[in-house]
Amino acid sequence: MTRRRILIVEDEAIVAMDIAARLERDGHVVVGTAATGARALALARAHQPDLVLMDIRLRGPVDGIATATELRLEQAVAIVFLSAHAEASTLAGARQLEPFGYVQKPFEDHELRRAIDQAVPPGPVDDAR
Amino acid sequence: MTRLPSDAPASPADQYAVLVHEVTRLAGIGVFAHDHRTDEIFWSPEVRASCGWGPDDVVSLATLFSQIHEADRPAIAAAVARAHDPTGDGRFDVVHRLHRPDGGLRWLATRSQTFFEGGRAVRTIGAVTDITGHRLVSGTGAPTSTAVELWAILDHSLNEIFLFDSTTLRFVNVNQGALRNLGYDRARMLTMTPVDLKPAYTEPAFRALIAPLLSEQVATLVFETVHERADGTQYPVEVHLQLVTYQGARAFLAVISDITERRAAERTLRLLDSAIATALHPIAITRADGLVEYCNPAMARQWGYAGVDEIVGRQRRDLVSEAEEPKAVAALLARGTWEGEITAVRKDGTTFVCQVAASVVNDAAGTPTHLMGSFVDITERARADAALRASLAEKDALLREVHHRVKNNLQVVTSLLSLQAQRERSDQAIAALRDTQARVRAMALLHETLYRSTSLAQVALAPYLGAICEQLARSFGVGATPRLTVAIDDLVVPLELAMPAGLLLSELVVNALKHAFPAGAAGEIVVSARRLDDGRIEVAVADDGVGLPRDLDPTTTSSLGLRLVQRLAEQLEGELVTERGAPGTVVRVRFASQPSPGGAP
């Protein structure tokens, strides 16, 4: 099990809390949870996570794909999108951000683990960060 | 006076010409000669006197024609055409009426001969006899042949025709039409006067009416009144009166037309006119060449003109798009009627869209004379349609949003259950929480299916039940074995049936996944939904696993899942059938695709 530093972007606090609990049970470090795109960018700048779990639908003017696009301009962070449904149009937007991962909500633990491993392949992680 | 030229030598031909001239003058016969090449016409003084022309008046054929009585013009025109036809005999022989410039009416008998050269008319010579005084009876009292013929025509006329004495007013002659219409016999009629037939007039009033004719202030008098029959019934008439010479004395000739039908037609026309005038829809009539001859006030209002007079006299293309008008008119002329949309142009140049229903009016020969159109401004209708569509779209969007939120809330519930499960130590409690999570997810999927579907009231079972199966397969990590096969027909059910059907299916599939294949045994679960011959829907879950324990009665079990199945089947007012297979189990639920009006008991 490779421990990763993960930022959760999800506008439903309880859903975010559930995801965080499941990630921590697997040994990951949740550097923060953000409900909006702006908060996500701020937390990412502050914590430089290995991975961002990004809900595509977010409250506010900026959705998950736009947030991820902006974030990618700043840092080479891995992104795994979370969405209720595999919509062709939304995924087309996400694909421009290769490499990316995608997990359909609601997801099982094993599905989340596989997506994280694909986005950030297991290997030496800079623990000093 | 023309004298015989006795003091000069003359050729026999010259002498004959002078003689002919003198004889015609004495007989009151006028002559004329028309040179077609120069269009010069010679009218003798007798013709000029009959027609009321001065000795030096220049009179063309057109002038003559304009003086001919309107009713005689078609016959004259036809006779002239015949006489000028080079393939004919060139003869012209017509009795006709002529209005003198002073208002008097003369009866003329004209005979002529046209001569041709090289296939063209070059010269016409003719004689004109004024037969006004001879028309009915000759001056000696003996009817001329013309007078006899004329009276025969008049006697059989459908009009009532009377001659009455200018002094006593008593009828001196009446035609068959008058006797027939009024119901009197001839002898009785000859004792009566026009006043006896006209209840609207007293004798002094009638005499006052005809006084201008007697004093020759006017040549004819036309008026409308009512005639009374012998049986006392009345009918509207139009009377044409004029003074004639009859048996050497002055008499009145009265020609009467029964105008009952004309009155009825006029009344209908007035009604129609007022209906059109008060119509809310604009209506217009244009000539075939585009001139607007009529429009109703609605048109003037709609087009922004002060009144109909401002539109009448304009061109059709002033009122509708100049680009669209020719195409619409062409389509209308081709088919006789046309319906379509056209851009109308108001007085101020602004435009609006109209629905038009138009038709062509033809003359007796089938030639289009007028185009009629009625218009409906559909700008408002189009705007209202758009507003309605927008309102519906807004409601639709709101409803979808509600379903989306409900789905999100249910997702929060599953997260709560997940968080709770992570804190539990007892396997039994964790399993219970996981089962409940699956149930809430099945409910969330219904709302997700709805906000993605075209209908918000009806649920398509294939995507909904398919999504439940897919989610359960992912949740249980189903791979090669057991295999989950889904075969759901294209069925639609109302919202209130979809939720219990989905939950029921979820329970059955979870049950099969949990119990039918212990220790990773191979097998298949088949989920199906189809319409039965009796119209009901059957949802079935079949497995080829180990089968239900022999001692388990699905109807009395304490298992929550199976009890939920029982109750949901009841909610569907459905029939639940459990079949123990060899191997495996099949559970079927059959329910009507529309809920009963009273709902579940």
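Predicted model: local features only at pLDDT ≥ 70, side-chain atom pairs only at ≥ 80, totals over all residues.

Colleague: How many residue pairs are in polar contact between chain B and chain A?
Modeller: Eight, with both residues at pLDDT 80 or more. A polar contact is a pair of N or O atoms within 3.5 Å; within protein, one must be able to donate a hydrogen and the other to accept it, and residues adjacent in sequence count only if both atoms are side-chain atoms.

Colleague: Which elements of chain B give two or more residues to that side?
Modeller: Helix 13 (379–423), helix 14 (427–452) and helix 15 (461–475). Helix 13 of chain B has the largest share, 10 residues.

Colleague: What about salt bridges, how many between chain B and chain A?
Modeller: Two, counting a side-chain nitrogen of Lys or Arg within 4 Å of a carboxyl oxygen of Asp or Glu. One joins Arg474(B) and Glu111(A), 2.6 Å from N to O.

Colleague: And what area is buried there?
Modeller: About 1800 Å², with 48% from carbon and sulfur atoms. That is accessible area (1.4 Å probe) lost on putting the two parts together, summed over both.

Colleague: Switching to the fold. How many helices and strands in chain B?
Modeller: 17 helices and 22 strands, taken as DSSP runs numbered from the N terminus (helices H or I, at least four residues; strands E, at least two).

Notes. Residues numbered from 1 in each chain as written. Chains lettered and ligands numbered in written order. Heavy atoms only, no water.
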